[in-house]
Amino acid sequence: MKIFIDSGDLNEIRDAVAMGVVDGVTTNPSLVAKTGKPMASLIREICEIVDGPISAEVLSTDAEGILREGRELAKIHKNVVVKVPLIAEGIKAVKVFSQEGIKTNVTLCFSATQGLLAAKAGATYVSPFIGRIDDIGGNGLDLVGQLVQIYDNYDFQTQVLAASIRHPVHVIEAALLGAHVGTLPYKVILQLLQHPLTASGLETFLADAKKIPTA
Ligand code: G3P
């Protein structure tokens, strides 16, 4: 499974890249707003740090506006993926983007029917929001499994990008279900590395190492 970092924070992105575990980056208007930077310059900076798919979200909600904004975002760098909300106008734009060779990440996916139509329109990625479905008592991972199954059944090239990931279990389960990508907040990336036995084992080794005569 490819791992993207779900963040606009350049320090978090740099640190995750330094760990060698990041294949790409996803942003959204809330994450961009947190940085206080204009969208285009932030995306340009991220493209200089990560040589992989970088999702940048449009703010328009009509097909014409989405196309205009998306074409501008795509001009920033060859790695930019235009993030489009899963609404009717968004799907219209995805169809045109796919004809123009512009990669898309269709976001705010909450049902298999939505995901099916996004794939039929030619989306490169579809982002089911696991955590937000869980927040309302649903099971977000079920949606990931359904999308992987449906795309496999009909040989859609669309990749399932598991999003709104809250903890390591979401990552493992999404991987077991065959999600193509998981986009993780920085905090969750760090959690994936942690294990109490690793920490205690290292502590013991380092303590015992002090008993090793130097000569
Ligand atoms: O970037 C999209 C998504 O991963 C955000 O999810 O629920 O953590 O805001 P959430």
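**Exercise 1.** Which helix supplies the largest share of the lining of the largest pocket?

*Solution.* The model is predicted, so local features need pLDDT of at least 70 and side-chain atom pairs count only at pLDDT 80 or more, while totals for chains, interfaces and linings use all residues. Residues are numbered from 1 along each chain as its sequence is written, and side-chain values use heavy atoms, with hydrogens and water left out.

Step 1. On a 1 Å grid over the protein atoms alone, a pocket is an open set of points where a 1.4 Å probe fits, with protein on both sides within 12 Å along at least five of seven lines; lining residues have an atom within 4 Å of a point.

Step 2. The lining of the largest pocket numbers 19 residues, and nearest its centre lie Asp6, Asn28, Arg132, Ser164 and Pro185.

Step 3. At least two lining residues come from each of helix H2 (29-35) and helix H10 (186-193). Helices are DSSP runs of H or I with at least four residues, strands are E runs of at least two, and both are numbered from the N terminus.

Step 4. H2 gives the largest share, three residues.

**Exercise 2.** Describe the aromatic pair of phenylalanine 4 and tyrosine 125, and state what it ties together.

*Solution.* Step 1. Rings of Phe, Tyr and Trp (its six-membered ring) pair if their centres lie within 6.5 Å; planes under 30 degrees apart are stacked, over 60 edge-to-face, and the rest tilted.

Step 2. With 6.0 Å centre to centre and 75° between the planes, phenylalanine 4 and tyrosine 125 are edge-to-face.

Step 3. Phenylalanine 4 belongs to strand S1 (residues 2-6) and tyrosine 125 to strand S6 (residues 125-128), so the pair ties together parts 121 residues apart in sequence.

Step 4. Buried means under 20% relative accessible area, exposed over 50%, and partly exposed in between (1.4 Å probe, protein chains only). Phenylalanine 4 is buried at 1%, and tyrosine 125 is buried at 4%.

**Exercise 3.** Locate the salt bridge of lysine 75 and glutamate 72, and classify the exposure of both residues.

*Solution.* Step 1. A salt bridge is a side-chain nitrogen of Lys or Arg within 4 Å of a carboxyl oxygen of Asp or Glu.

Step 2. Lysine 75 and glutamate 72 meet at 2.7 Å, N to O.

Step 3. These two residues stand three apart in helix H4 (residues 63-76), and are therefore separated by about one helical turn.

Step 4. Lysine 75 is exposed, at 62% relative accessibility, whereas glutamate 72 is partly exposed, at 44%.
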